[in-house]
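Work through the exercises below with the sequence and the model open side by side. Each task is followed by a solution in steps.

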Amino acid sequence: MPFPGGLWWLLCCRRGFTLLRRDYGEAEREVDGEAEEEEEEASFELRAQGDQGSLEVSLSQPTRSSSGSERSLLVAEEMRSLIVEKGPGPVEDDPDALVKGWLQREMRGCMKTPWIRPRKYWFVLTPDSLDYYSSNEKGARRLGSLVLTSLCSVLWPDKQLYKETGYWSVTVFGRKHCYRLYTEHLNEAVRWVCAVQKVIDSKAPVQTPTQLLMRDVEEHRDSPEVLEQIYRCNPILRYTSGPLYAPLLPFPYGSLDQSAPGPRSYTTLRDEAVKLFNSLQQLESERDPVPLMQGVLQTCLDLPPLVDEIYCQLVKQTTEPPAPGGQGDLHYWQLLTCMSCTFLPSPPVLRFLRFHLDRTENRFPASEMAKYACFIREALGKTKGRECVPSLEEILVLMQRQEMICTVHCPGAPACSVAISSHTTAEEVAQELVSRLGLSQSPNLFALYEQSRRREQPVGSATLLADVLTRFENLAGEDREQDPPCRLCFKHYGFLDTDNVPRDSLEFALLFEQAHEMVLRGYVPTSEETLQTLAALRLQSLNSDFSTHAPFPRLEELFPPHVLHSRLPPPPHRPPTKCRGARLRAGLLAGGLWGQALAKQRAERDQRLRGRLREEGASTMAAIVEKWKLLQGMGRPEAMAAYMALVREWPGFGSTLFDVDLHASPVGCGPQRLWLGIGAKAVSLYKPGEPEPLDSFCYGRISSFGASDSSTFRLSVEDRDLLFETSQVEEIAQLLNTYLASAGTQRLPRPQEPPTSPPTSEPTVLPQGLCTAAGPWQLRPPVGSSHS
């Protein structure tokens, strides 16, 4: 049955897309939509840098319903001044055309439906805009135009998209629109991207009215009457209770790069700036503003371009609020305090902020706002940037303009409480502890360590302790049951002289505790008999003579656990199944009754191993107790001295050991797992568990050392190059550098710069007692180490 003529008309003549490619209706809708969006957008933000603004800008808070007569900076006039009037259509010999050609534009997600071909248009790039037409004939209608300013951006072709669709993409982000263009040829896509980027780079920087007013305020800061007139005539500088529809500062158009790892995802900078202003307004009524403040600070840390924007928004909201000194106003000041202790704004915003602080102190002397302004001014002079946002505890302290109390544990001595601020470094705390504990005359070196049961790493002397405490708070929030909370510990960093330390001094107690940690971690290779004697001496130093009522520590706190585990039989080795059919049969059997029997066998074997481990531990503890009974009458100092004498028998005592993989062995053993011992006089190589070194190099034999890359350390000894694969490249180099500087040795040249580490303009600050020598060998303080 034939279809009626009306039904054929509905099927074949859809508006915007027909079988005859009559898509002018779609283009008309698109052009009309673009025109309407241009007229309704509140664009008080675009202003060329060369424009001369008058003293009275008279900018009100932008709203979506405001008419053109209510705004002093009109969208249509501004856009008209940026776009050159064009003729009726493209001409082949148009002198203004930089690049022109056929490109396909994405229309409502057609790239996601490959059976619908993208529509092809004639694109023309001029010094002012990117236009597209229905054809390249004279008199063709212009279907759209994208004005190009310094805030526009263009993305390079995506290889992944080409694999999925067969098209190379060219994405141009404009003020209100985004052109996603496609071509089948890579060289054509690159040509368009380079041309558009060149036009964007040639444009003068765009300034917002806020920036112009900041400049006017700076120029007339000595004229109170003019300043009052500026603030009175420009509501954009003052507090507002309404929403913000556009950022106060210019931001590039386009989406953010979401490839960076992180738990949070963001949209565009402009959208995030508007969202942050809404978050700031929520502070006024929040009973507990601390989590919201930390969220704002985290966003600024993730998106550094927003730092200046948040400063400007906070200055705006603290200028002439409806209730000065009220709860909502103080919340703004408290967040501004946290910002000043975390981020440093750009110079123009910093000058504007300092002026705002002075103006607040003059208008409200002896008020809470004036006290916050004074605190912020002092903080801005110390802030240099943070690795982490302030912790919840730090935010609470900053809201009260007080200092935090940091607890530092000292082995063999009571824990010390130190008052710190957001700007206190590990070096300052180490200096205070050295002075407080009476270690100023010691030739050895000391530093702070981040310590847990499983790992230990020195804290770089330039590291802010507030960042370390924030990391501790984040780790505690992850609820790792198998790992105890981290803590700060004060310990030896470099052993320059361990033989002449007085036995009755605090430093000897520190040295004793650090030597015991070496023993427990297996960094003192010796016989099992000696390890049992050391455990007995440890008990004698803790509890004095043997007594059944004395507190008994756990075995793993006296004896190296790995020694007990080495006595257990190794698990049965099963050769891998190579045949695919055998693997399939094994998989089928594992899922049935045979798999249940295997699981039962494994559980029984694990139970037997645990029982064997308990038996070995009981026998070892009995042997330790028998040796402890033989120490009857030995005092604590004598027991500690005997303990240290046994540990010093190992020639590697006093060295810091690093686990490395040697790729160029000086003893002909090939690549193998070794200990790299960095000492005050030499560098030694040890086979793990062996007391004697495989080889040792005094510093006179070392011609150079350095980082070949982020995971390879190069040590040049005379005519040999030793390559060590390790994750602690910077730590090894830093410690070598430290011993050379402490010994007064001339700094050695580095064979090459680490390609992954950008040069730093700030000099390295070493831990307490370390000297910084001049030269190219300045590395960052250590961030991790397997300290012996």
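**Exercise 1.** Is Lys 681 buried or exposed? Then place this residue in its surroundings.

Solution. The model is a predicted one, and the values below are computed from it.
- Step 1. Residues count as exposed when their relative accessible area is over 50%. Lys 681 has a relative accessible area of 72%, so Lys 681 is exposed.
- Step 2. Lys 681 sits in the loop between β14 and β15 (682-686).
- Step 3. Leaving aside residues up to four places away in sequence, Lys 681 touches Cys 698 and Tyr 699.
- Step 4. Phe 697 lies 16 residues from Lys 681 along the chain, and the C-alpha atoms of the two are separated by 8.8 Å.

**Exercise 2.** Which strands pair with β13, and in which sense? Decide also how far the strand is enclosed.

Solution. 
- Step 1. Strand β13 covers residues 656-662, and five of its seven residues are buried, so the strand is largely enclosed by the rest of the structure.
- Step 2. One partner is strand β14 (residues 672-678), which runs antiparallel to β13 and is joined to it by seven bridges. Within this pair, Asp 659 stands opposite Trp 675 of β14.
- Step 3. Another partner is strand β19 (residues 720-725), paired with β13 in the antiparallel sense over two bridges. Here Asp 661 has Glu 725 of β19 as its bridge partner.

**Exercise 3.** What is the strand order of the open sheet of seven strands? Identify its edges and one of its strand pairs.

Solution. 
- Step 1. The order is β4-β3-β2-β1-β7-β6-β5, and the pairing is antiparallel.
- Step 2. An edge strand pairs on one side only; in this sheet the edge strands are β4 (142-147) and β5 (153-155).
- Step 3. Neighbouring strands of the sheet are turned by 35° against each other on average, with direction ignored.
- Step 4. As an example of a pair, take β6 (residues 168-173) and β7 (residues 178-183): six bridges join them and they run antiparallel. Phe 173 stands opposite Cys 178 in β7.

**Exercise 4.** Which residues of α5 are buried? Show how they relate to the sheet of the previous exercise.

Solution. 
- Step 1. Helix α5 has 17 residues and reaches 25 Å from its first C-alpha to its last, close to the 24 Å expected at 1.5 Å a residue.
- Step 2. Its buried residues are Glu 188, Ala 189, Trp 192, Val 193, Ala 195, Val 196, Val 199 and Ile 200. Seen down the axis of α5, these buried residues fall within an arc of 165°, so they line one face of the helix.
- Step 3. The buried residues of α5 pack against β1, β2, β3, β5, β6 and β7. The helix (residues 186-202) lies across these strands and runs at about 115° to β1.
- Step 4. On the face of α5 turned away from its buried side are the exposed residues Asn 187, Lys 198, Asp 201 and Ser 202.

Technical notes
Residues are numbered from 1 along each chain as its sequence is written. This is a predicted model: local features need pLDDT of at least 70, side-chain atom pairs count only at pLDDT 80 or more; totals for chains, interfaces and linings use all residues. Side-chain values use heavy atoms; hydrogens and water are left out. Buried means under 20% relative accessible area, exposed over 50%, partly exposed in between (1.4 Å probe, protein chains only). Helices (H or I, at least four residues) and strands (E, at least two) are DSSP runs, numbered from the N terminus. Two strands pair if DSSP finds at least two bridges between them. Axes are lines fitted to C-alpha atoms, for helices over the stretch in contact, and angles run from 0 to 180 degrees between N-to-C directions. Contact means heavy atoms within 4.5 Å. The expected span of a helix is 1.5 Å times one less than its number of residues. The arc is that of the directions from the helix axis to the C-beta atoms.
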